Amino acid sequence: MNTETAKANKRFKTIDLAYIGIFAALIAVCSWISIPLPTVPITLQTMGVCITAGLLGTKRGTLTVIVYILLGLIGVPVFSGFSSGIGVLAGATGGYIIGFIFTALIVGVMLKLLGKKVWVYILSMIIGIAVCYAFGTAWFMIYNNSRGDAVSLVMALGWCVTPFIIPDLVKIAVAAVLCRRLNKYVKN
């Protein structure tokens, strides 16, 4: 293989850019479907991120999440409640949005290393969302404690994690089934 062919294989192809755009839109639509709660709404964002990483893999999946976040950062209303801007990312729940990058990385890497079996989809998505929970909860506590609101770990977990465990397990199951069935249609 000559160097020109090697360079061409490393560059993004048009199909890669199309997938990134389509799946960034999917995550945005999933974020708009929400059930409001006092601190953090229940949305389908995590399911969108898991499907994206499960179908697109590490590189394209992670870039898709970054594009999604950048769209929200520049003012496109892609976050829950049709919100956007630096205020959302720098706010109390911004850590969960940033945590989606880690979710996509973990899902993509685990699928690449262990294969695209149902149990790998489920395990990688559970671990990915757990890391997102950890990052987002730490961010939530730092944000609130810096503002003078004393938020303990138990309080933060009660507000930001516990209410979401069952819904996220359901979303993981749906995402794993969808990824398993749709994988053959996604060009790698």
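The sections below treat these features in turn.

## Nonpolar surface patch

The model is predicted. Its surface carries a nonpolar patch with about 930 Å² of accessible area together, formed by Val-118, Ile-122, Ile-126, Ile-165, Ile-166, Leu-169, Val-170, Val-174, Leu-178, Leu-182 and Tyr-185. Two helices, α6 (118-146) and α8 (165-182), each supply at least two residues of this patch. The largest share, seven residues, comes from α8.

Ile-126, one of the patch residues, is located in helix α6. Its relative accessibility is 36%, so Ile-126 counts as partly exposed.

## Helix α6 and backbone angles

Helix α6 contains 29 residues, which at 1.5 Å a residue should span 42 Å; the end C-alpha atoms are 42 Å apart, in agreement with that expectation. After α6 comes Gly-148, with a positive phi near 95 degrees.

Most residues other than glycine have a negative phi. Phe-82 has a positive value, near 55 degrees. This residue lies in the loop between α3 (45-73) and α4 (86-90), and with a relative accessible area of 51% Phe-82 is exposed.

## Cysteines

Zero disulfides are found in a search of the whole structure.

Cys-50 is buried, at 1% relative accessibility. Cys-132 is also buried, with a relative accessible area of 3%.

## Aromatic pairs

The structure holds six aromatic pairs. One of them joins Tyr-68 and Phe-79 in an edge-to-face arrangement, 5.6 Å centre to centre with 85 degrees between the planes. This pair links distant parts of the chain, with Tyr-68 in helix α3 and Phe-79, eleven residues apart from it, in the loop between α3 and α4. Both Tyr-68 and Phe-79 are buried.

Phe-135 and Trp-139 have ring centres 5.9 Å apart and planes at 55 degrees, so this pair is tilted. The two residues are four apart in helix α6, which means that about one helical turn separates Phe-135 from Trp-139. Phe-135 is partly exposed at 30% relative accessibility, and Trp-139 is partly exposed with a relative accessible area of 27%. Together with Phe-102, Phe-135 and Trp-139 form one aromatic cluster.

Conventions. Residues numbered from 1 in each chain as written. Predicted model: local features only at pLDDT ≥ 70, side-chain atom pairs only at ≥ 80, totals over all residues. Heavy atoms only, no water. Patch = residues over 30% accessible without salt bridge, like charges linked within 9 Å, V, L, I, M, F, W, Y side chains within 5 Å. Areas by Shrake-Rupley, 256 points an atom, 1.4 Å probe, with all protein chains shown as cover. Salt bridge = Lys/Arg side-chain N within 4 Å of Asp/Glu carboxyl O. Buried < 20%, exposed > 50% of the residue type's maximum accessible area, 1.4 Å probe, protein only. Expected span 1.5 Å × (residues − 1). Disulfide = S-S within 2.5 Å. Phe/Tyr/Trp six-rings, centres within 6.5 Å; stacked < 30°, edge-to-face > 60°.
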